[in-house]
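Subject: Handing over a structure, with notes on what was found

Dear colleague,

I am passing the structure below on to you, and my notes on it follow. Please read them with the structure open beside you.

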Amino acid sequence: MSTPKPADDAAAPADTRDALEVLESEAKEWDKDAEIDRILKAFRLNAYAVLGLKPGAPESDIKNLYRRKSLLIHPDKTKNPLAPDAFDRLKKAQTELMDEKHRARLDEAIADARMLLMREMKLTVDSPELKTPEFEKKWDEKTVFVLVENEQRRRRQMKAQLQEEGREQKKQEEELEQRKKKRQHEEDWEKTRDQRIDSWRQFQKGKNGEPEKKKKKKLKPIG
């Protein structure tokens, strides 16, 4: 007859499973927090950086990576208070990369940054330095510089456009006010038409009914 196992030994596997589940849950939360932190620290004008992709990544990679990361950091699946902000940035980055025009402008800016850096470092397309981590880091920094300049230029153009639109709108409002005044003047003139005609008739009638005044003869000087 076999000897029964102590209660503690029977419970050990369950305790181990619970401990493993806790560790696994904590690891997942750490992954979520790390990804949220990475997204919020990424340069937001570079959608590739926000998603954690290399420039020029295919559309399929953009969709797949966005789906995986959006599920990881979804605000409903983590207690991290920064999750909503990170999720919004991730969604915005994915939307920008799926827009062909926006993505083309971003690709052009990144390519411009690489070309400028190569000129500064006096490198050619065959230079081995292009494949080093140091060049990648400097390229990222130059990309930030170019994107910031482009954004500042865009804002200046937008400001100038708004100012021009404001001047045009003011001009249109002034023209509208002038037309309104002219129309009101014409309406007022028309309303008083009968009164003016009657006044003129009364004037003419009074003028015709008055006796004609005799002209005074000029006296000739004596002598």
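Helices (H or I, at least four residues) are DSSP runs that are numbered from the N terminus. This is a predicted model, in which local features need pLDDT of at least 70 and side-chain atom pairs count only at pLDDT 80 or more, whereas totals for chains, interfaces and linings use all residues. Residues are numbered from 1 along each chain as its sequence is written, and side-chain values use heavy atoms, with hydrogens and water left out.

On confidence, the mean pLDDT (the predictor's confidence in each residue, from 0 to 100) is 85 for the protein, and 83% of its residues reach 70 or more.

Turning to the helices, the axes of α3 (residues 59-73) and α4 come within 10 Å and cross at roughly 170°; axes here are lines fitted to C-alpha atoms, for helices over the stretch in contact, and angles run from 0 to 180 degrees between N-to-C directions. α3 and α4 are therefore roughly antiparallel to each other, a term for angles over 145 degrees. Among the residues that make this contact are Ile62, Tyr66 and Ile73 of α3 and Phe87, Leu90 and Leu97 of α4.

Helix α4 (residues 83-98) also packs with helix α5 (residues 100-121), at an angle of about 95° and with axes 5 Å apart, so these two helices are roughly perpendicular, meaning 65 to 115 degrees. Glu96, Leu97 and Met98 of α4 meet Glu100, His102, Arg103 and Leu106 of α5 in this contact.

As for pockets, each is an open set of points on a 1 Å grid over the protein atoms alone, where a 1.4 Å probe fits, with protein on both sides within 12 Å along at least five of seven lines, and its lining residues have an atom within 4 Å of a point. The largest pocket holds about 600 Å³ of space, a volume being the space filled by probe spheres set on the points. Its lining has 19 residues, with His102, Arg105, Leu147, Glu151 and Arg154 nearest the centre, and α4, α5 and α6 (133-191) each supply at least two of the lining residues.

The second largest pocket has a volume of about 290 Å³ and is lined by 15 residues, of which Asn46, Ala49, Leu53, Pro55 and Asp140 lie nearest its centre. Both α2 (47-51) and α6 supply at least two residues of that lining, and the largest share, five residues, comes from α6.

With best wishes

Terms used
Angles under 35 degrees count as roughly parallel, over 145 as roughly antiparallel, 65 to 115 as roughly perpendicular and the rest as oblique. Contact means heavy atoms within 4.5 Å.
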